[in-house]
Amino acid sequence: MLGFLLRRLGDVIPTFFGVTILVFLMIHLIPSDPIQMMAGERGVDPARYAELQKEFGFDKPLVVQYFNYLGGVLQGDLGKSFVTKRPVIEEFATLFPATIELSVMGILFAVIIGLPLGVIAAINRGKWLDHLTMSLSLTGYSMPIFWWALLLIMFFSTTLGWTPVSGRLSVFYYIEPTTGFMLIDTLLSDEKGAFTSALSHLILPTIALGTIPMAVIARMTRSSMLEVLGEEYIRVARAKGLTPMRVIMVHALRNALIPVITVIGLQVGVLFAGAILTETIFSWPGIGKWIVEALNRRDYPTIQGGILMIAFVVMGVNLFVDLMYGVINPRIRHKR
Amino acid sequence: MALLEVKNLTVEFGSEDKPFRAVDSVSYSVDRGEVLGIVGESGSGKSVSSLAIMGLIDFPGRVTADSLTFDGQDLLKMPAKKRRAITGKDIAMIFQDPMSALNPCFTVEAQIMEALKVHEGGNKKQRRERTLDLLNQVGIPDPKSRMTAYPHQLSGGMSQRIVIAMAIACQPRLLIADEPTTALDVTIQAQIIDLLLKLQDDSDMGLLLITHDLALVSEAANRIQVMYAGQLFESGPADSIFAAPRHPYTQALLEALPERSTGNDRLSTIPGVVPGQYDRPKGCLLAPRCRYANDHCIQDRPEVTDFNGRDVRCFYPLNDQGQPTGQATGQTAGETV
């Protein structure tokens, strides 16, 4: 198992370099150069220009610049925001918990709803339940996030008044961030009702964000389950006199999960892309919204840092998924 | 009373008004300590009939029978729960391809212990000891280390031994072996059959051996049942069937054995294939392939009749010389190539 872990870790290294090179080059691929971008329409006098070039290290050869950048990244230095002048990593660290909270809820929603839907569809193949769940998931998959989110807000928040429209917490409460995760912080605080408020703020963004992964997981589970249910070992399991429930939940699902787990890992990337939209619509103070704002302000270090960190998170999640894959599938674990 | 008594078992697929009969009114019985061989080409309904006995035919398949009794209890009339208590305990089954019969996600131990847990209970330690016993019994070398192996780490022969261990875990009284050696090497085949027969003999099990290997059945079975396109064609004691087949199909099968065609340049074959859902002949199902078929055979379908103490489904059963009886001459109306 340790060897498997090390091999998988080794696979991550080239990806790491690839991502840093791409992100590093981004600032050099934009039209005009970063210093003139910073200066804006006022322009900059040549002496100050040279000074700034030196300060940011733009006077050195590209390769040297890259290694300087890489050195910074490895030490947790992603540069300073052009706008706020604060270190990018610091801003990221403040905002990241909000995104994690939303994403984790989103993926939980997707798995908790999507997996059972897929299983139900598979065991009722060709019956109305199958058609119902699959057309629902296709609808969910086809729905653009911004549209879906607006529909949810219009129906549940405006018409029914069940949930708040935006934000993470009602303005009546002030919670000192300790973990940065609102659900945990409100639980730790003495404020009554704060947790319920935090939870109700999460519901609609979670649904908006989790719907597409949910649909993908449901469809993947269904087809994977159908394939497994046709396998001989399922018949053998039934021939042992096991209950249909045990045959499905233990013998079939365990095998059917293998491709589904991979898809869940891939969906995390989709989730971050979705988070940018969802956070903007729901005014959720996470990194999605942060990156969108940075884009509008041409705050390149922030964009670079944000993209790099998201890439790392996606890599990390997929590494974790690969390891899970090994836990679930003995054939992978033992491969030499 | 026979251990397993099957009367007019029919398995249908497809629509209600135009069903396809994969198994058509087949009757047989298996006694304690008896080996019944069911022989036939691919597509003759051997596997489907055994799956029906196990209760493993799913919707849209329909299983009907005048009676399907095991040890005096009608399997078709009992509630699902009660039937599951018999399935895997008193009646167990071995499948054709051992490499796909084991769940790739679980260890050998887990898969054998599961059957024990469901039917016999006991604690984990007892079940583990019993599993070790079973692996010894089916001749797995170094069983202790194999317990924690995963199926992908085992060879085909080894997997089949595990599958057998799994099937006999709860000491079944009837074992159904559906082509247990087809997927294995020839050298392993004999070992597996010897093992099955030894287990059968030791515990006085009834064994239903389904195969298309006549040579195998001739050595192993007490009685033989020849099936064709879902129908019973001939049944009787093994040695007498081999000595004097009464049905033209049995005769043709025997002639196709390589050891019986010494002196010929080519092996004898039966032209054509088993009719499927859409090309069922109107008369006798064998008529298009039968060397003795005449107009009568092509127009009408024969029923099973008693001929010299044997059940035969043919208008003109063969005599001891292998010639059709009750027919003026061997008209060759249906001989097609």
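**View 1. Helix H7 meets helix H8 in chain B of a predicted model.** Gly156(B), Gly157(B), Gln160(B), Ile164(B) and Ile168(B) in H7(B) touch Ile188(B), Gln191(B), Ile192(B), Leu195(B), Leu196(B) and Leu199(B) in H8(B). Contact means C-beta atoms, placed from the backbone, within 7 Å. Helices are DSSP runs of H or I, at least four residues, and strands are runs of E, at least two, both numbered from the N terminus. By class, this contact has 7 nonpolar, 4 polar and no charged residues. Nonpolar covers Ala, Val, Leu, Ile, Met, Phe, Trp, Tyr, Cys and Pro; charged covers Asp, Glu, Lys and Arg; the others, Gly among them, are polar.

Residues are numbered from 1 along each chain as its sequence is written, and chains are lettered from A and ligands numbered from 1 in the order written. Local features need pLDDT of at least 70, side-chain atom pairs count only at pLDDT 80 or more, and totals for chains, interfaces and linings use all residues.

**View 2. Packing geometry of H7(B) and H8(B).** H7(B) (residues 156–168) and H8(B) (residues 186–203) pack at about 15 degrees, with axes 10 Å apart. Axes are lines fitted to C-alpha atoms over the stretch in contact; angles run from 0 to 180 degrees between N-to-C directions. H7(B) is therefore roughly parallel to H8(B), a label for angles under 35 degrees.

**View 3. The largest nonpolar core.** This core has 96 residues. Ala165(B), Leu174(B), Leu175(B), Leu208(B) and Leu209(B) have the most contacts inside it. A core joins buried Ala, Val, Leu, Ile, Met, Phe, Trp, Tyr and Cys residues through C-beta atoms within 7 Å. Buried means 20 or more other C-beta atoms within 10 Å of the residue's own, all placed from the backbone. H7(B) gives the most to this core, with 8 residues. Beyond four places in sequence, Leu175(B) contacts Ala92(B), Ile94(B), Ala167(B), Ile168(B), Gln200(B), Met205(B) and Leu207(B).

**View 4. Helix H11 of chain B.** Pro248(B), Tyr249(B), Thr250(B) and Leu253(B) are the buried residues of H11(B) (residues 248–255). They pack against helix H9 (214–220), strand S10 (223–228), strand S11 (231–237) and helix H10 (238–243) of chain B.

**View 5. Chain B against chain A.** Here 23 residues of chain B are in contact with 19 residues of chain A. On the chain B side, H2 (80–86), H3 (98–101) and H4 (108–120) each give two or more residues. H4(B) gives the most, with 4 residues. By class, that side has 12 nonpolar, 7 polar and 4 charged residues.

Note on methods: Two residues are in contact if their C-beta atoms, placed from the backbone, lie within 7 Å. A residue is buried if 20 or more other C-beta atoms lie within 10 Å of its own, exposed if 12 or fewer, and partly exposed in between; C-beta atoms are placed from the backbone. Angles under 35 degrees count as roughly parallel, over 145 as roughly antiparallel, 65 to 115 as roughly perpendicular and the rest as oblique.
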